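The following exercises concern a single protein chain.

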Amino acid sequence: GWTLPYRPQWRIEAGWDHIGKTDYNASPMFRGAVQLIGGDVPDLVADVESGSVNSQLSTDVYSVMAFYDFYDGLYKPSRQFIPYAGFGIGYADTKTVLNMADPYGDIAYQQELSQYGEITTTENDINTIEFYRSTRSTANVAALFAFGASYGITEQMFFDMGMRIMYLPEIKWGLTNEDDTKHREMFSSENNFYINAVVGIRFEF
């Protein structure tokens with residue numbers, strides 16, 4: 001980072017944040033009313049449950065942030081708390097790993113999805129699909145916000161504690177076929193927030 005000359009209340013920081021593996025699970029993947037077409041009773045509506053999802057995601061955020069320390073004067077005071085606020089922008093790369101399953105045996109009959117796995121038959125003669133393990137990357141412009149306080153241990157060393165919030169507009173999950181030549185987007189999560197508590201020591205030279 002860098003403290004601006006003649007503007008010591010302002011600090012600029014370039015950073016990299018790695019958010020480790022997080023699980024996302026849903027079983028069933030879909031539950032609700034579906035209108036059935038054809039058969040003896042036209043336009044029949046049925047309540048169905050379909051699919052299940054087990055997945056992991058990890059995110060790397062490369063950012064530039066500006067911080068403002070709330071104090072008067074040209075030098076940061078020692079032995080007292082100094083509140084601060086920060087904001088910034090970054091590039092976020094989120095990788096998702098999707099393991100989708102067909103426990104209800106209803107997805108295997110969807111020709112569009114059958115190419116992303118292998119059809120198997122259960123002991124009850126129900127066709128299900130074993131999906132391939134699929135990965136997907138989502139690029140986002142991330143917004144970052146921070147607030148907290150630092151305590152001047154010495155003129156150059158500060159105890160820092162605060163909160164950092166990262167906003168990602170969208171994260172996507174998708175399916176791939178066996179040789180990774182075909183891809184299909186399955187679902188997405190919008191307006192995602194990562195909220196992190198930060199405790200550390202900051203040195204200023």
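**Exercise 1: Backbone geometry**

Asn191 is found in strand 11, where strands are DSSP runs of E with at least two residues, numbered from the N terminus. The model is predicted, so local features need pLDDT of at least 70 and side-chain atom pairs count only at pLDDT 80 or more, whereas totals for chains, interfaces and linings use all residues. Residues are numbered from 1 along each chain as its sequence is written, and side-chain values use heavy atoms, with hydrogens and water left out.

Task: determine the phi of Asn191 and of Asp180, and identify the peptide bond that is cis.

Solution. 
- Step 1. The reference is that most residues other than glycine have a negative phi, and most peptide bonds are trans.
- Step 2. For Asn191, phi is near 55 degrees, a positive value in a residue other than glycine. At a relative accessible area of 48%, Asn191 is partly exposed; buried means under 20%, exposed over 50%, and partly exposed in between, with a 1.4 Å probe and protein chains only.
- Step 3. Asp180 also has a positive phi, near 60 degrees, and is not glycine. Asp180 belongs to the loop between strand 10 and strand 11 and is partly exposed, with a relative accessible area of 45%.
- Step 4. The cis bond runs from Ser27 to Pro28, with omega near 0 degrees. Pro28 sits in the loop between strand 2 and strand 3.

**Exercise 2: Aromatic pairs and a polar contact**

Task: state how many aromatic pairs a search of the whole structure finds, and classify the pair of Trp173 and Phe187.

Solution. 
- Step 1. Rings of Phe, Tyr and Trp (its six-membered ring) pair if their centres lie within 6.5 Å; planes under 30 degrees apart count as stacked, over 60 as edge-to-face and the rest as tilted.
- Step 2. The search of the whole structure finds eight aromatic pairs. For Tyr24 and Trp173, the ring centres are 5.4 Å apart and the planes stand at 40 degrees, so the pair is tilted.
- Step 3. Tyr24 lies in strand 2 (residues 10-26) and Trp173 in strand 10 (residues 157-176), so the pair ties together parts that are 149 residues apart in sequence. Tyr24 counts as partly exposed at 35% relative accessibility, whereas Trp173 counts as buried at 4%.
- Step 4. Trp173 and Phe187 form a stacked pair, 5.1 Å centre to centre with 20 degrees between the planes. Phe187 is in strand 11 (residues 183-203), 14 residues from Trp173, and both are buried.
- Step 5. Asn192, also found in strand 11, is buried, with a relative accessible area of 13%. Its side chain and that of Ser189 are joined by a polar contact of 2.6 Å. Such a contact is a pair of N or O atoms within 3.5 Å; within protein, one must be able to donate a hydrogen and the other to accept it, and residues adjacent in sequence count only if both atoms are side-chain atoms.

Conventions
Helix = DSSP H or I, 4+ residues; strand = E, 2+ residues; numbered from the N terminus.
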